[in-house]
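Open the model in your viewer and keep the selection tool at hand. The tour goes from stop to stop, saying what to select and what is there.

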Amino acid sequence: MSKMHNYTLNFGPQHPAAHGVLRLILELEGEIIVRADPHIGLLHRGTEKLAESKPYNQSIGYMDRLDYVSMMCNEHAYVMAIENLLGLDIPIRAKFIRTLFDEVTRILNHLMWIGTHGLDLGAMTLFLYAFREREYLMDAYEAVSGARMHATYYRPGGVYRDLPDEMTQVKETRWTKGKDLTRLNAWRQGSLLDFLEEFINDFPSRIDEYETLLTNNRIWKQRTVGIGVVSPDRALQLGFTGPMLRGSGIAWDLRKKQPYAAYDKVKFSVPIGKNGDCYDRYLVRMEEMRQSNEIIRQCITWLRENPGPVITGDQKVAPPSRTAMKEDMESMIHHFKLFTEGYCVPAGESYAAVEHPKGEFGCYLVSDGANKPFRTHLRAAGFVHLSAMEEMVKGHMLADVVAVIGTQDIVFGEIDR
Amino acid sequence: MAKQKSQFVSQLEAFFSADRLVSITDTSDMVTLEISPEHWLDVARDLRDQDEFSFTQLSDLCGMDYLSWGQSEWATDTASNRGFSRAVSGEGAGRFDWSQRPQVVFDRDNEYGHPGRFAVVVHLISMEHNRRIRIRCFAADDVMPIIPSLVDTWNSANWYEREAFDLFGIAFEGHPDLRRILTDYGFVGHPFRKDFPLIGNVTVRYDESQGRVVYEPVEIEPRVLVPRVIRDDSRQHALADEATEDGNS
């Protein structure tokens with residue numbers, strides 16, 4: 001008689017549902033997962049080691065490339081760690097700008113997540129919808145930093161420059177002209193804040209659209225309800241943070257509990273789930289987008305009324321203005337030293353954490369007093385979440401692996417670093 | 001805030017007898033405990049289980065290599081009879097390749113200001129008390145660093161310890177599955193050690209004629225664009241003086 005063997009399946013690294021370069025070794029008994037062994041590191045670039053070989057400011061750009069769908073939140077943790085070590089206070093306007101862009105980033109991230117999660121589970125339309133809205137937010141990124149994704153906008157001491165007073169217009173081409181062109185430019189007549197206000201007025205109805213497609217959708221519920229259930233105790237043990245933790249019913253949000261930037265000055269609520277399954281985490285993230293929308297609204301109101309500096313006046317860490325640099329010897333020396341050598345950070349260590357869209361993103365910096373960090377360690381939420389993959393998928397069907405990967409909101413830039 | 005922290009420090013001092021902790025420091029962002037490898041596990045367990053601490057979650061664990069601590073490549077405050085330092089030499093990871101990597105022995109007698117070369121740094125969080133703590137453990141041996149594994153205390157330590165093993169070569173005693181995690185299959189060396197070259201060791205490409213992937217020595221030249229420099233900043237002295245004055249008064 002022939003003996004039955006378990007089947008070993010190599011899932012990824014080049015699989016559309018692997019969200020990048022996840023290689024999963026799955027041991028299957030029929031269609032049931034017996035063992036799952038994620039192999040990561042295919043995108044390992046040694047960001048932390050590279051950061052140790054560069055002056056502090058030159059690594060901000062690397063942070064964008066960690067979790068490349070929530071760029072500015074990564075920067076935020078890194079610059080906060082530097083600011084802690086330097087004992088630097090940042091202008092209040094910079095705090096509000098950071099809050100504003102952290103929330104823009106959160107929406108960007110969650111849109112990407114809902115798009116790909118939906119696509120993985122068979123909801124194609126949603127992907128197109130989500131990318132349509134992402135486009136506007138990328139334009140906001142572009143308006144402040146000149147780059148649609150890798151902004152390098154946050155700097156130790158504040159943000160690089162103030163919000164622009166006008167938006168770039170869409171130019172006429174063979175494909176965009178006439179009515180299309182007017183529609184695309186309709187929101188772009190005022191400042192960036194006006195543009196974002198148009199967006200947030202429109203966005204809740206867009207979230208309603210997504211919810212119409214999914215929330216009561218029978219197929220969606222069949223694919224997500226009761227899948228990947230994590231109890232609150234296990235979620236803590238496994239190191240879950242962010243929506244993964246809140247989906248299990250633990251109300252923990254760093255924005256509320258350990259407020260940074262201007263989060264103590266805005267009103268918002270923290271949604272939590274009940275059952276800890278994929279569906280609850282979906283609901284949590286959808287509500288987070290609505291809350292982010294409201295935070296952006298409050299930031300816009302505040303930023304309109306309160307002009308002021310956006311970066312510290314300490315010229316050891318922030319560049320002087322261009323005019324000062326050209327007229328004043330001292331400023332020119334500061335400018336030269338800052339961009340060639342950087343600044344020395346007092347010896348010490350600091351751990352700064354932000355509520356990143358995926359969970360807690362922490363930056364642990366150790367300085368020995370040099371112009372380069374002695375050690376940088378980045379705590380990525382996705383790394384911890386993925387380590388719980390085996391526990392979450394064990395006993396589920398093969399198709400549910402895709403749902404769990406989706407619900408964990410995996411991005412390999414931050415996991416592999 | 002500062003008062004609350006000092007209360008926490010006295011709580012820690014009261015609970016842990018002096019032989020279980022090497023030191024308690026109240027650094028600017030959080031309290032840091034240094035623990036010897038022998039007490040690493042039982043102190044961790046108490047930090048998790050005692051109600052006054054209840055650090056239920058391990059948020060971060062990372063390896064550290066203290067080799068070359070405080071070394072700069074540019075002497076800025078002295079000059080020899082041949083002029084000022086040109087900042088072109090040094091032993092930073094960007095300055096050598098695999099064959100020239102420094103064969104240095106870590107000097108434990110305070111040359112680098114740390115009791116050992118390798119350490120593990122853990123950040124814990126207590127959601128109940130809304131508090132973080134940093135705990136650190138120096139490995140007893142610099143050649144074969146071994147530290148007990150925290151996986152049984154906090155399951156989230158699993159991959160972090162694999163990462164520290166992969167990047168620093170720190171072995172975690174009692175870890176259920178200590179494999180490399182981030183580097184390539186069959187990788188040689190521990191890349192985040194300070195004596196591992198920044199440019200790496202081998203490069204990989206697909207070879208048409210052989211019809212397979214081949215490994216070759218890297219072709220990049222080691223180079224450093226900005227020298228590492230440690231400057232004596234008088235403003236920091238002023239800050240430090242202020243801090244001690246506050247402490248005395």
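A residue counts as buried when its relative accessible area is under 20%. The model shown here is predicted.

**Stop 1: a covered helix in chain A**

Select residues 398-408 of chain A, which form helix α17. How many of its 11 residues are buried? The number is 9, and the helix is described as mostly covered. Among the buried residues of α17(A) are A:D400, A:V401, A:V402 and A:A403. A:V404, A:I405, A:G406, A:T407 and A:Q408 also belong to the buried residues of α17(A).

Now move on to A:D409, which follows α17(A). A:D409 sits in the loop that runs from α17 to α18 (412-416) of chain A. The phi of A:D409 is positive, about 55 degrees, although A:D409 is not a glycine. Buried or exposed? A:D409 has a relative accessibility of 4%, so it counts as buried.

**Stop 2: a lysine that touches both chains**

Select A:K372, in the loop between β7 (359-367) and β8 (375-379) of chain A. A:K372 counts as buried because its relative accessibility is 4%, against a cut-off of under 20%.

Which residues does A:K372 touch, not counting those up to four places away in sequence? In chain A they are A:E52, A:S53, A:K54, A:P55 and A:Y56. In chain B they are B:V224, B:V226, B:P227 and B:R228. Show the side chain of A:K372 together with the backbone of A:S53: a polar atom of that side chain lies 3.4 Å from the backbone oxygen of A:S53.

A:M289 and A:K372 are separated by 83 residues in sequence, and their C-alpha atoms are 37 Å apart in space.

**Stop 3: a histidine in helix α3**

Go to A:H76, part of helix α3 (residues 71-86) of chain A. A:H76 has a relative accessible area of 1% and is therefore buried. Leaving aside neighbours within four places in sequence, A:H76 is in contact with A:R98, A:D102, A:Y154, A:Y260, A:A261 and A:V354.

**Stop 4: an aspartate in a loop**

Next select A:D253, in the loop between α10 (243-247) and α11 (254-257) of chain A. A:D253 is buried, with 2% relative accessible area. Its contacts, not counting residues up to four places away in sequence, are A:R246, A:F268, A:V270 and A:E355. With A:R246 there is a polar contact between the two side chains, at 3.5 Å.

**Stop 5: chain B as a whole**

Colour chain B on its own. Chain B has 4 helices and 11 strands. Its C-alpha trace spans about 65 × 55 × 30 Å along the principal axes. Chain B has 249 residues, of which 47% count as buried. Among contacts in chain B with a separation of 6 or more, 59% join residues 24 or more positions apart.

Give each domain of chain B a colour: domain 1 covers 1-66 + 116-182, and domain 2 covers 68-103 + 184-249. How far apart are the C-alpha centres of the two domains? The distance is 27 Å. Where the domains meet, 12 residues of domain 1 are in contact with 12 residues of domain 2.

While in chain B, select B:S68, in the loop between β3 (57-65) and β4 (79-80). B:S68 is not a glycine, yet its phi is positive, about 65 degrees.

**Stop 6: the largest pocket**

The last stop is the largest pocket, with a volume of about 1300 Å³. To find it, select A:H44, A:R45, B:F187, B:G200 and B:V202, the closest to its centre of the 47 residues that line it. Two or more lining residues come from each of β3 (32-39) and α1 (47-52) of chain A and β10 (202-207) of chain B. The largest share, 3 residues, is given by β10(B).

What classes of residue make up the lining of the largest pocket? There are 25 nonpolar, 12 polar and 10 charged residues. Keep the domain colours of chain B on for this view. Domain 1 and domain 2 of chain B both give residues to the lining, so the largest pocket lies between them.

Notes. Residues are numbered from 1 along each chain as its sequence is written. Chains are lettered from A and ligands numbered from 1 in the order in which they are written. This is a predicted model: local features need pLDDT of at least 70, side-chain atom pairs count only at pLDDT 80 or more; totals for chains, interfaces and linings use all residues. Side-chain values use heavy atoms; hydrogens and water are left out. Buried means under 20% relative accessible area, exposed over 50%, partly exposed in between (1.4 Å probe, protein chains only). Contact means heavy atoms within 4.5 Å. A polar contact is a pair of N or O atoms within 3.5 Å; within protein, one must be able to donate a hydrogen and the other to accept it, and residues adjacent in sequence count only if both atoms are side-chain atoms. On a 1 Å grid over the protein atoms alone, a cavity is a set of points where a 1.4 Å probe fits but cannot get out, and a pocket is an open set with protein on both sides within 12 Å along at least five of seven lines; lining residues have an atom within 4 Å of a point. Grid points are joined across faces, edges and corners, and a volume is the space filled by probe spheres set on the points. Ala, Val, Leu, Ile, Met, Phe, Trp, Tyr, Cys and Pro count as nonpolar, Asp, Glu, Lys and Arg as charged, and the others, Gly among them, as polar. Domain bounds come from an automatic or database domain assignment.
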